[in-house]
Amino acid sequence: MEQLIGRAARDLVDSKYAIGLTGAGISTESGIPDFRGPSGVWTKNPEAERRAYLGYQEFSEDPKKWWEERLSGRGQSFLGDLEKVIPNPGHHALAELEELGILKCVITQNVDALHEKAGTKNLLEYHGSFSKLRCISCGLRFGRDEFGLEELMRENQLPPRCPKCRGVIKSDTVSFGEPIPSDVAHQSLEEAWKCDVMLICGTSAVVYPFANLPRIARERRTEREKQTETGIYAVERISAVTIIEVNADPTPLTEEGISDYLIQGKTGEILPIIVEEVKKIRK
Ligand code: APR
Ligand code: ZN
């Protein structure tokens, strides 16, 4: 473990464009359950997962009913009260790596807004944020309190409508079956294609299209000269990215060799140590 932590710190210090990818595992130490871990929401409640798969369809069929259920508390959030949770040392470590100029961007699957609360600036919320709303026509986003939702319900004015295009407003969180908002999808692809180090934290890497990002990065090649036995210089094409996983369990990325190495353990414990090592190397 120590050796791998040193290697990760070295890879980050030597990087020109490192990015972070995160999943529910980075927030479990903040008291939010993950989905597919041993005490994950779906692991414990497969029926809830089946219901979640109908989420976007139900919204599309009757957005008024969808909002009424949500506002009357019948639309329960599996993750508990996200207003009350606070970032843990894992979130703070990634924010600090950004401050040190090492992490150029964090792409998260989490809707809990904890990276934002920890101070990460260049953040892409791939599955949206529970604290925001979004117009499903023009993609404009709004704060939750910009619509007086309870009042709209009392006046039977649901669903809320976009002030710009009159499109229907939905929570910004991306439901199963809903397309990833194009702005976030494009920016994330660009980041995955640009990076030379990808630090993947707390995800089982089984949900697509997010799980494609490491595979896209792995595709990128760069050329390196090498001297053959006969002394002639040859150019070889090698992978242009180093992919590091920090996760409690191995994932398909580990098993398929998409990642270069896995540091197995808790993000809230390992990431702060990596930051300390980075600072030592930089001294
Ligand atoms: N430190 C490191 N890894 C952890 C920790 C921790 N403290 N806690 C849990 N893990 C690991 C689990 O072992 C698991 O491999 O994090 C991973 C979390 O995986 P999932 O529960 O599948 O969460 P995630 O990958 O983010 O899910 C992707 O699925 O349900 C949808 O939209 C939802 O964004 C979510 C998406
Ligand atoms: Zn709109």
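View 1. Start at N156, which sits in the loop between α8 and β6. This is a predicted model, so keep that in mind for every view here. N156 isn't a glycine, yet its phi is positive, at about 55°. Why is that worth a close-up? Because most residues other than glycine have a negative phi.

**View 2. Two cis peptide bonds.** Most peptide bonds are trans, but here are two places to look at the other kind. One is the cis bond that joins L158 and P159, where omega is about -5°. P159 belongs to the loop between α8 (149–154) and β6 (169–171). The other cis bond goes from Y208 to P209, and its omega is near 15°. To find P209, look in the loop between β7 and α10 (212–219).

**View 3. The three-stranded sheet.** Follow the strands across in the order β5-β4-β6: they make an open sheet with antiparallel pairing. Which strands stand at the edges? They're β5 (141–143) and β6, and each has just a single partner strand, so one side of each is left without a neighbour in the sheet. If you ignore direction, neighbouring strands of this sheet are turned by 35° against each other on average.

View 4. Strand β4, made of residues 132–135, pairs with β5 over three bridges, in the antiparallel sense.

**View 5. The six-stranded sheet.** This open sheet runs β3-β2-β1-β7-β10-β11, and its six strands pair in parallel. What stands at its edges? You'll find β3 (123–125) and β11 (261–264) there; each has a single partner strand, so each has one side left without a neighbour in the sheet. Going from one strand to the next, the twist averages 15°.

View 6. Strands β2 (residues 103–108) and β3 run parallel, joined by three bridges.

**View 7. Who surrounds ligand 1?** There are 23 residues around ligand 1, and F35, R36, T203, S204 and D249 come nearest.

**View 8. Polar contacts of ligand 1.** Let's look at some atom pairs up close. An oxygen atom of ligand 1 is 2.7 Å from a polar atom in the backbone of F35. With Q109, a polar backbone atom is again involved, and the distance to an oxygen atom of ligand 1 is 3.3 Å. H127 uses its side chain instead: one of its polar atoms there lies 2.9 Å from an oxygen atom of the ligand. How much of ligand 1 does the protein cover? On its own, the ligand has 730 Å² of accessible area, and the protein covers 92% of that.

Notes:
Residues numbered from 1 in each chain as written. Chains lettered and ligands numbered in written order. Predicted model: local features only at pLDDT ≥ 70, side-chain atom pairs only at ≥ 80, totals over all residues. Heavy atoms only, no water. Near = heavy atom within 4 Å. Polar contact = N/O pair within 3.5 Å; in protein donor to acceptor, adjacent residues only side chain to side chain. Areas by Shrake-Rupley, 256 points an atom, 1.4 Å probe, with all protein chains shown as cover. Pairing = 2+ DSSP bridges. Helix = DSSP H or I, 4+ residues; strand = E, 2+ residues; numbered from the N terminus. Axes fitted to C-alpha atoms, helices over the stretch in contact; angles between N-to-C directions.
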